[in-house]
Amino acid sequence: MTPERWTLTEACAALARGAVSSVELTRHCLERAARLNGTLNCFLRLETEAALAQAARADAARAAGRPLGPLHGVPLALKDLFYDRLRVTGGGSRIRAGFRATATATALARLETAGAVNLGALHMTEFALGPTGHNAFHGPCRNPWNPDHIAGGSSSGAAAALAARLTFGALGSDTGGSVRVPAAANGVLGLKPTYGLVPRTGAMPLSWSLDHVGPLARTAGDLARLLAVVAGHDPLDRSSSRRAVPDYEAALAAPLDGLRIGVAANACTDAVDPGVGHLLDAATAALVSAGARQVAVTVPAAPRLVALSRVLLYAEAAALHAHWLRTRPDDYSPQVRARIATGVAIPAPIYLEALQLRPLLLRQFVANVFGDCDVLLAPTLALPVPTLAATDVGADPSMWSVIARLVQCTAGFNYLGLPALSVPVGFTANGLPAGAQLVGRPFAEATLLTVAARYQQVSDWHTRLPAIH
Amino acid sequence: MLRPGRGPGSTDAMTAADEGLALDPAIVAALARLAGYPPPDAATLARIAAGADDAIAAVRAGETVTLFDDEPAHFLAELERLAGAETP
């Protein structure tokens with residue numbers, strides 16, 4: 001049995017035909033996690049007993065002929081910010097250490113209703129604020145491809161655990177790139193859905209306007225299955241869309257014939273590393289060979305989108321954290337406290353300008369970009385994955401520029417609320433993975449998943465295992 | 001280039017835009033006091049000032065339209081209105 005080679009959908013199929021039990025599969029993941037977590041630090045808490053009990057219930061239901069759903073018995077893990085009335089949700093912080101919510105997050109509840117087994121809480125940046133995976137209280141999460149390098153953040157553990165084959169899927173959150181950046185850094189897929197598609201009820205907030213809940217997985221098919229489970233209207237979330245959720249897995253079979261892939265020289269405000277650029281060119285060529293058509297597009301106001309997202313993030317995070325900033329300032333790490341407190345210096349008219357410009361700039365972006373293409377292809381990270389040392393707060397001041405560069409290609413799409421999927425496209429000269437973002441019109445997740453699936457049919461990056469394996 | 005020691009979020013693209021704008025750390029300290037936050041140390045104040053300064057300057061520098069005649073739009077409704085076909 002080599003479950004670490006299985007995708008999520010293959011694991012589901014093995015469970016369904018009785019090739020393996022949920023208890024066996026869960027124990028396999030827990031044992032691997034216990035063995036490798038000392039190196040990677042991707043789990044903050046492994047819920048061994050609870051997970052095995054869930055798995056036993058899944059096996060009993062199957063034996064009784066009661067299918068639970070499309071994730072029946074498969075082990076998953078979630079970022080440490082999804083509230084669970086039965087377990088601690090710490091938000092990667094000292095302030096919320098030991099916090100028990102009174103209600104379970106909608107996305108988590110939907111995964112469990114679909115039959116998933118929850119392995120435990122995954123590493124994250126303190127309060128989801130930071131793209132590196134450093135955490136002053138829990139230590140850094142390390143990259144399975146090279147533990148001297150960052151895993152990215154803030155959904156650090158989600159991507160690292162997937163890459164190391166400790167889980168079959170994961171759920172994270174993305175406010176400026178926190179699903180896509182770690183997905184790219186670890187060679188897995190990560191989706192920031194359209195704003196409003198996946199309910200945020202019970203997901204610890206960082207920014208009301210920018211937060212998105214999104215899945216991470218190793219294949220487009222796995223991602224489609226996870227998205228179908230967590231997407232859809234939630235009456236408890238006033239920002240949740242009432243649109244019907246399409247059959248994402250069925251859409252994966254659609255051909256690419258004639259689909260226009262837009263490539264923009266200015267899609268990212270950061271200078272793209274030549275090695276990353278080469279991989280993006282090769283990915284575009286592969287999609288063309290699979291039937292897509294490459295077109296040139298121009299992204300309007302790209303630098304401004306990133307700046308506008310920061311205005312919203314700073315102001316809203318400061319408001320969310322105001323009580324603790326007043327009463328428990330020393331319980332934040334100095335870096336996170338400084339980032340949150342930056343909101344105090346954002347004038348109200350600037351914040352409102354940034355908020356009210358959003359629909360206007362969205363209309364402009366959709367007309368200018370998606371008038372000419374169906375999917376925009378852009379870097380996820382414009383630079384090779386940096387080391388932990390180069391992004392540590394103890395490093396020299398150039399550290400700030402490296403950290404700022406990590407979200408230059410991603411944060412603008414949080415501002416616009418557009419769906420963006422990061423797919424692995426190879427490895428840079430330092431041996432670390434690189435990713436490409438596929439960005440679509442609002443609610444075009446099915447199209448993005450189809451493009452990713454076609455790309456994975458003509459590439460094998462997603463099948464490679466890190467040496468730590 | 002980024003100015004050494006600038007706060008989170010500073011980027012090359014914003015350097016030209018924020019010339020002439022400088023949020024004094026003393027103002028940040030006063031705002032923090034008004035908000036009821038314990039005063040951050042000098043280095044943190046400088047970082048906050050730089051981070052806010054850059055973000056505000058970039059918003060201001062890119063301004064090309066007036067919101068005066070624009071109806072406030074519900075963002076989710078706008079996303080739903082702009083959605084296209086769901087499958088390729």
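Biologist: What volume does the second largest cavity have?
Modeller: This is a predicted model, in which local features need pLDDT of at least 70 and side-chain atom pairs count only at pLDDT 80 or more, while totals for chains, interfaces and linings use all residues. A cavity is a set of points on a 1 Å grid over the protein atoms alone where a 1.4 Å probe fits but cannot get out, and its volume is the space filled by probe spheres set on the points. For the second largest cavity, that volume is about 110 Å³.

Biologist: Which residues that line the second largest cavity are the closest to its centre?
Modeller: Lining residues have an atom within 4 Å of a point. There are 15 residues in this lining, and the closest to the centre are A:Phe82, A:Val88, A:Asn118, A:Gly120 and A:Ala121.

Biologist: Which strand gives the most to the lining of the second largest cavity?
Modeller: Strands (E, at least two residues) and helices (H or I, at least four) are DSSP runs, numbered from the N terminus. Strand 2 (75-79) and strand 3 (117-122) of chain A each supply at least two lining residues. The most, 3 residues, comes from strand 3 of chain A.

Biologist: How much space lies in the largest cavity?
Modeller: The structure holds 10 cavities of 30 Å³ or more. The largest is lined by 22 residues, with A:Leu129 and A:Leu313 among those nearest its centre. Its space is about 350 Å³.

Biologist: Which helix gives the largest share of that lining?
Modeller: Helix 10 (302-320) and helix 14 (398-405) of chain A each give two or more residues. The largest share, 4 residues, is that of helix 10 of chain A.

Note on methods:
Residues are numbered from 1 along each chain as its sequence is written. Chains are lettered from A and ligands numbered from 1 in the order in which they are written. Side-chain values use heavy atoms; hydrogens and water are left out. On a 1 Å grid over the protein atoms alone, a cavity is a set of points where a 1.4 Å probe fits but cannot get out, and a pocket is an open set with protein on both sides within 12 Å along at least five of seven lines; lining residues have an atom within 4 Å of a point.
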